[in-house]
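Notebook open, coordinates loaded. I wanted to look up the ligand surroundings, then a sheet, then the aromatic rings.

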Amino acid sequence: MDTAPAPFIPPAPKPRSTPPSTLQMIRIVYRNPLELWGEPSYNQPWISVSGIGGPLVIANDPGLIRHVLVDNARNYKMAAVRQKILRPILRDGLLTAEGEVWRRSRKAMAPVFTPRHIFGFGQPMLKRTLEFVERYEGETGTVDIARDMTTLTYEILAETLFSGEIAGEPGSFGRQVDHLFETMGRVDPLDLLRAPDWLPRITRIRGRKTMAYFRKIVSDTMTMRKERLEHEPDTVPQDFLTLLLRAEGPDGLARAEIEDNIITFIGAGHETTARALGWTIYCLAEASWERAPIEAEIDAVLAREPDPTKWLDAMPLTRAAFEEALRLYPPAPSINREAIETDRYQDLEIRKGSQVLVMPWTVHRHRKLWDQPEAFIPARFHPGNREKIDRYQYLPFGAGPRVCIGASFAMQEAIIALAILLSRFRFDTVAETKPWPVQKLTTQPQGGLPMRVTRRG
Ligand code: HEM
């Protein structure tokens with residue numbers, strides 16, 4: 001008799017059975033775009049419609065995704081709606097730069113993300129995680145794992161970016177980061193309607209002052225470090241800031257671009273990983289039968305391998321749980337492009353100016369691509385199964401020339417964090433743990449992730 005427990009089905013909006021009216025749509029976009037998608041979005045290889053903002057193609061088919069993001073990537077630019085949200089914050093940072101600026105910046109930044117440098121960040125990641133978990137020692141109450149993971153990944157990022165050498169009063173930088181992304185990083189319904197720029201976006205107005213202050217701290221921090229690089233080059237920390245400043249020059253990055261990229265790393269590089277960590281811990285708490293083999297794996301590896309950069313390869317079960325959480329709750333739920341010229345894929349015509357949405361959210365939950373798509377089943381990603389997943393049906397980090405430059409950084413960081421957290425503590429849900437996935441800048445758990453933390457015996 002099969003006694004394996006039924007897999008855990010974590011919370012998610014049910015596909016809509018009827019399309020929303022225009023008014024409902026605006027309301028849903030404002031509240032939670034994940035609630036927009038109907039049955040066809042989870043069943044069809046692609047959907048081509050005339051949306052209120054012009055022609056729209058939802059691309060779910062791995063072949064079509066490859067066509068748009070890789071094979072004919074030159075024909076697709078960043079979608080105007082995404083740029084309107086992100087460009088005022090990130091300007092010419094890598095995520096929002098286009099054309100020649102993007103090409104030059106990506107080339108100049110590639111050396112910063114080589115395995116050698118990522119491995120170099122292993123110890124700072126471990127150090128910050130060990131400091132962070134101290135706060136759970138003796139903890140008997142409930143903590144909000146969603147908030148705590150954002151704190152942890154922010155602290156790791158601040159360490160790997162600046163080694164703690166940030167201008168201004170301590171703590172203020174972190175507070176500004178929170179505020180900035182809360183107020184600026186929202187999809188405004190006016191953007192979706194392609195309303196003209198002079199119409200003020202209520203969702204963003206409040207962030208402007210914060211942004212000016214935030215940019216000043218980044219700029220002062222750069223100046224401080226440049227002086228150190230000049231006067232004490234031998235003792236300067238080998239962090240992102242030093243690596244980026246070394247990439248400054250006529251063929252590399254301009255000073256303003258370095259500033260934009262620091263802000264981009266902060267924007268793209270901590271909340272994303274934090275969300276995935278939070279959802280992983282939550283799913284493992286609910287699917288508690290998945291937890292024992294992962295804990296055993298972590299305990300065995302930590303007992304024999306002190307080098308944290310080796311853990312990612314040494315912990316396939318832990319990695320699989322994280323990858324499964326990235327499937328169910330992709331931190332970047334939508335990758336948006338716009339067709340520069342009319343294009344064709346099989347019998348699909350993609351007209352010039354069409355929005356093309358490659359949505360990890362629907363692709364990862366697609367009925368034709370996955371068995372039990374809504375269920376949390378880490379075994380899909382165990383060695384032997386992992387290889388059967390098409391490269392273009394699993395896209396937490398995107399694909400093609402604009403694939404996430406921080407993917408290896410994030411994977412290494414996540415496994416170090418999970419290894420330390422799960423080796424020492426058990427995380428259990430409580431009556432109030434009722435997260436609901438909401439698409440803001442990332443896929444957030446509305447209601448947070450209140451959980452009980454206890455020391456493992
Ligand atoms: C779990 C964590 C992460 C996820 C799920 C994620 C996801 C993504 C995705 C889907 C894209 C492609 C966007 C597109 O094609 O439109 C992207 C791009 C990018 N990511 Fe990440 N990311 C993560 C962590 C990081 C980290 C840690 C950093 C930096 C330290 C980072 C920096 C960037 C940058 C700079 C780009 C733009 C690359 C380009 O356009 O050339 N990300 N990320």
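My elements are DSSP runs numbered from the N terminus: helices are H or I of at least four residues, strands are E of at least two.

A note on the source: this is a predicted model, where local features need pLDDT of at least 70 and side-chain atom pairs count only at pLDDT 80 or more, while totals for chains, interfaces and linings use all residues. Residues are numbered from 1 along each chain as its sequence is written, and side-chain values use heavy atoms, with hydrogens and water left out.

Back to the ligand. I count a residue as near if one of its heavy atoms lies within 4 Å. There are 25 residues around the ligand, and Trp102, Arg106, Arg337, Arg402 and Cys404 come nearest. By class, I get 15 nonpolar, six polar and four charged residues in the shell. Here Ala, Val, Leu, Ile, Met, Phe, Trp, Tyr, Cys and Pro are nonpolar, Asp, Glu, Lys and Arg are charged, and the others, Gly among them, are polar.

A side-chain N or O atom of Arg402 sits 2.9 Å from a ligand oxygen. For Arg82, again through a side-chain N or O atom, I find 3.5 Å to a ligand oxygen. Leu94 uses a polar backbone atom instead, 3.4 Å from an oxygen of the ligand.

Then the sheet. I see an open, antiparallel sheet of three strands in the order E4-E12-E9, where pairing needs at least two DSSP bridges between strands. Strand E4 (142–144) and strand E9 (425–429) are the edges, each pairing on one side only. Three bridges join E4 to strand E12 (residues 450–455), and Asp144 stands opposite Pro450 in E12.

Last, the rings. I find 15 aromatic pairs, counting Phe, Tyr and Trp (its six-membered ring) with centres within 6.5 Å; planes under 30 degrees apart are stacked, over 60 edge-to-face, the rest tilted. Phe8 and Tyr282 have centres 5.9 Å apart and planes at 70°, so I logged the pair as edge-to-face. Phe8 lies in the segment before helix H1 (22–31) and Tyr282 in helix H13, 274 residues apart.

Terms used
A polar contact is a pair of N or O atoms within 3.5 Å; within protein, one must be able to donate a hydrogen and the other to accept it, and residues adjacent in sequence count only if both atoms are side-chain atoms.
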